[in-house]
Amino acid sequence: MAFLAFTQIILQLFFLVSLFDGSFASRKLTELVQEPQAQLLKYHNGPLLFGKTSINLIWYGKFKPSQRAIIFDFITSLSSSSSQSQPSVATWWKTTEKYYHLANAKRPLSLYLGEQILDESYSLGKSLTQKQLVQLASRGGQRYSINVVLTASDVTVDGFCMTRCGTHGSSRSAPVKGKDYRFAYIWVGNSEIQCPGYCAWPFHQPIYGPQTPPLGAPNNDLGSDAMVINLSSLLAGTATNPFGNGYYQGPSGAPLEAASACPGVYANGAYPGYAGDLLVDPTTGASYNAHGVNGRKYLLPALYDPSTSSCSTLV
């Protein structure tokens, strides 16, 4: 396991990778916007996730039904392009397909919402280790799936709010017909109570750096809307670098991935402390850049576009 070390400025998405079995990439909001990376993310010849793949949600702790619906609708929006206004979540996700074309992969990743597992009794307690996160992730299906562990606002996790807001990695599944497989997993925590200034920018003022006014959360739930930002970034990293040997840039101990290569960028015109020229809901005043199913609006990070060697935004 490798965690992200603090850098001197904030509001950047950044991932660390190590080859320790379990988790190998973490996400935090800690640095300012930088210029888009000029070099294409290098492909390290490892396997990518492909084909029809379920996203299984493991809810740990107490979440309101409205909070679960925000995440539920986001996952559904990744593939339901026909029912969404533009710019859409599905259009945002299509940028990841370009990585598959470059790698001559069999076919792109097609995501759908799988099972949802609720653990409202805090079966492992309210303070979790990395090992316990993997234990929770293993409760979901372990073939053709990504298991997403979502921890409630009153659950502490090793490194949460100090070095990371979420993580993605892989773990070995139980043998199937004598063969070992690895499954991909993601963990994201709700930072609303514990550290909104660390993990919920731009919906909360940062812990330090430019103190611009926070933006309105598009679903009127700071914690859940911030979880969508972190989850979307980690999903992009999982798709393009699921086992630590896919697409990334820089040293393996401190790589940049599809979303973290574009730190702090959400729209055109972004600069340190400013997320960019976003769309604004005329009724609520909330900021967003993507439409989803059921009339949802979301704020999603820029993704590195390997075909243009630049950060791609929806607006």
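1. Let's start with Ser153. Setting aside neighbours within four places in sequence, Ser153 is in contact with Asn190, Ile193 and Gln194, where contact means heavy atoms within 4.5 Å. Ser153 belongs to the loop between strand 7 (145-151) and strand 8 (156-157). With a relative accessible area of 19%, Ser153 is buried; the cut-offs are under 20% for buried, over 50% for exposed and in between for partly exposed (1.4 Å probe, protein chains only). Helices (H or I, at least four residues) and strands (E, at least two) are DSSP runs, numbered from the N terminus.

2. A word on the model. This is a predicted model, in which local features need pLDDT of at least 70 and side-chain atom pairs count only at pLDDT 80 or more, while totals for chains, interfaces and linings use all residues. Residues are numbered from 1 along each chain as its sequence is written, and side-chain values use heavy atoms, with hydrogens and water left out.

3. Now the overall picture. The protein chain has 6 helices and 17 strands. Of its 315 residues, 59% are buried. Among contacts between residues at least 6 apart in sequence, 71% join residues at least 24 apart.

4. Helix 4 is worth a look. This helix covers residues 130-137, and because 6 of its 8 residues are buried, it is largely enclosed by the rest of the structure. The buried ones are Gln130, Gln132, Leu133, Val134, Leu136 and Ala137.

5. Next, the aromatic rings. The structure holds 10 aromatic pairs. Rings of Phe, Tyr and Trp (its six-membered ring) pair if their centres lie within 6.5 Å; planes under 30 degrees apart count as stacked, over 60 as edge-to-face and the rest as tilted. Tyr43 and Tyr247 are stacked, because their ring centres are 4.8 Å apart and their planes at 25°. This pair links distant parts of the chain, with Tyr43 in strand 3 (residues 42-43) and Tyr247 in strand 11 (residues 247-248), 204 residues apart. Tyr43 is partly exposed at 24% relative accessible area, whereas Tyr247 is buried at 2%. Ring pairs also bring in Tyr99, giving a cluster of Tyr43, Tyr99 and Tyr247.

6. Which arrangement do Tyr60 and Tyr122 adopt as an aromatic pair? They are edge-to-face, at 6.0 Å centre to centre with 85° between the planes. Tyr60 lies in strand 4 (residues 51-60) and Tyr122 in the loop between strand 5 (109-119) and strand 6 (127-128), so the pair ties together parts that are 62 residues apart in sequence. Both Tyr60 and Tyr122 are buried. Lys126 lies over the face of Tyr122, 4.6 Å from the ring centre. Likewise, the charged end of Lys52 sits over the ring of Tyr112, at 5.2 Å from its centre. A charge sits over a ring if NZ of Lys or CZ of Arg is within 6 Å of the ring centre and within 35 degrees of the ring normal.

7. On to the largest pocket. Its volume is about 500 Å³. On a 1 Å grid over the protein atoms alone, a pocket is an open set of points where a 1.4 Å probe fits, with protein on both sides within 12 Å along at least five of seven lines, and lining residues have an atom within 4 Å of a point. Of the 20 lining residues, Leu48, Leu49, Phe50, Tyr144 and Phe243 are the closest to the centre. Strand 10 (residues 182-189) gives the largest share of the lining, 3 residues.

8. Tyr144 has a further feature. Although it is not a glycine, Tyr144 has a positive phi of about 55°. Tyr144 lies in the loop between helix 4 and strand 7, and counts as exposed at 55% relative accessibility. Asn220 also has a positive phi, near 60°. Asn220 is found in the loop between helix 5 and helix 6 and is exposed, with a relative accessible area of 73%.

9. Finally, two peptide bonds to check. A cis bond joins Gln86 and Pro87, with omega about -5°, and Pro87 is in the loop between helix 1 (65-77) and helix 2 (89-94). The bond from Trp201 to Pro202 is cis too, with omega near 10°; Pro202 is in the loop between helix 5 (196-199) and helix 6 (222-240).

Methods. Grid points are joined across faces, edges and corners, and a volume is the space filled by probe spheres set on the points.
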